[in-house]
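Colleague: Before I use any of the labels in this model, I would like each one set against its cut-off. Please go through them one at a time.

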Amino acid sequence: MDYLQIANTVADSLLSYAKDESGWKTCKKTNAVTVYWRPSTEFPGNLYKGEGIVNGSPEKVWECLKPVPNGLRVKWDNNVKKFELIEMVNDDVSVYRTLTPSAALGVIAPRDFVDVVLVKQYEDGTITSNATHVGHPGCPLQAGYVRGFNHPCGCFCVPVPGEPSKTQLLSFFQTDLGGLLPRSVVDSFFPSSMAEFYTNLAKAVKSLKDR
């Protein structure tokens, strides 16, 4: 499997999501984030976009966000139990297995996801994660977990002009949770989960700054 090519294609997809303002509908708004949705072109579900300002430089926000084993992300992100590095393709591209806990009061059982992840920085200083599901011989199905599938997803830590201690955070999620979940459960889970993601991230960045 050509993980490099897959990862670069995902980065192109996410950049197009970030630039395309058409068709988004607001589904949740808090002080931290506005969450939008539109039908996914990748699978029979929705593509969700989160947009908010985080108090912290893009580097600090990225330090809290980056998907690495034993990193800060597993400490604050309630939807991530563990990251396992399966294969390091090069300095910027890796294959990870992500374990998630049960959610929605136990209605959503623990999941695992196997993704190729590209970390890419753009000329304007934007730091991004770009991920999608892949198969890997080191990651067969495991008892106790339902295998889910992330379609192109990731985060953009965008510098705010004139405000070096702030970051515009764009996040994109389009996840097939697998299993036999009612559509209503899935549709209510993601907007609330993304709002919680932004709130908890803001707290993590603040604690990083306060250290």
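What follows is a set of questions about labels and the values behind them.

Modeller: This is a predicted model, in which local features need pLDDT of at least 70 and side-chain atom pairs count only at pLDDT 80 or more, while totals for chains, interfaces and linings use all residues. Residues are numbered from 1 along each chain as its sequence is written, and side-chain values use heavy atoms, with hydrogens and water left out.

Colleague: Why is S57 called buried?

Modeller: Buried means under 20% relative accessible area, exposed means over 50%, and partly exposed is in between, with a 1.4 Å probe and protein chains only. S57 has 16% relative accessibility, so S57 counts as buried.

Colleague: Where is S57, and what does S57 touch?

Modeller: S57 sits in the loop between β3 (46-55) and α2 (58-65). Helices (H or I, at least four residues) and strands (E, at least two) are DSSP runs, numbered from the N terminus. Not counting residues up to four places away in sequence, S57 touches P164, S165, K166 and T167, where contact means heavy atoms within 4.5 Å.

Colleague: What makes E87 partly exposed?

Modeller: The relative accessibility of E87 is 31%, so E87 counts as partly exposed. E87 lies in strand β4 (residues 82-88). Leaving aside neighbours within four places in sequence, E87 is in contact with Y3, S94, V95 and H136.

Colleague: What makes the pair of F156 and F172 edge-to-face?

Modeller: Rings of Phe, Tyr and Trp (its six-membered ring) pair if their centres lie within 6.5 Å; planes under 30 degrees apart count as stacked, over 60 as edge-to-face and the rest as tilted. The structure holds 10 aromatic pairs. In one of them, F156 and F172 are 6.1 Å apart centre to centre with 80° between the planes, which is edge-to-face. F156 lies in strand β10 and F172 in strand β11, so the pair ties together parts that are 16 residues apart in sequence. F156 counts as buried because its relative accessibility is 3%, and F172 counts as buried because its relative accessibility is 0%.

Colleague: Why is the pair of F173 and F197 edge-to-face?

Modeller: The ring centres of F173 and F197 are 5.8 Å apart and the planes are at 80°, so the pair is edge-to-face. This pair links distant parts of the chain, with F173 in strand β11 and F197 in helix α4, 24 residues apart. Both F173 and F197 are buried.

Colleague: Which residues do ring pairs link into a cluster?

Modeller: The cluster consists of Y17, W24, Y122, F156 and F172.

Colleague: How do you know that R38 lies over the face of W24?

Modeller: A charge sits over a ring if NZ of Lys or CZ of Arg is within 6 Å of the ring centre and within 35 degrees of the ring normal. R38 lies over the face of W24 at 4.3 Å from the ring centre. R97 lies over the face of Y145, at 5.3 Å from the ring centre.

Colleague: What is called a cavity here, and what a pocket?

Modeller: On a 1 Å grid over the protein atoms alone, a cavity is a set of points where a 1.4 Å probe fits but cannot get out, and a pocket is an open set with protein on both sides within 12 Å along at least five of seven lines; lining residues have an atom within 4 Å of a point. Grid points are joined across faces, edges and corners, and a volume is the space filled by probe spheres set on the points.

Colleague: How many cavities does that rule give?

Modeller: The count is 1 cavity of 30 Å³ or more. The largest cavity holds about 610 Å³ of space. Its lining has 33 residues, and R73, V80, T98, N150 and F173 are the closest to its centre. α4 gives the most to this lining, with 5 residues.

Colleague: How large is the largest pocket, and what lines it?

Modeller: The largest pocket has a volume of about 210 Å³. It is lined by 17 residues, with F43, D176, L177, R183 and V186 nearest its centre.
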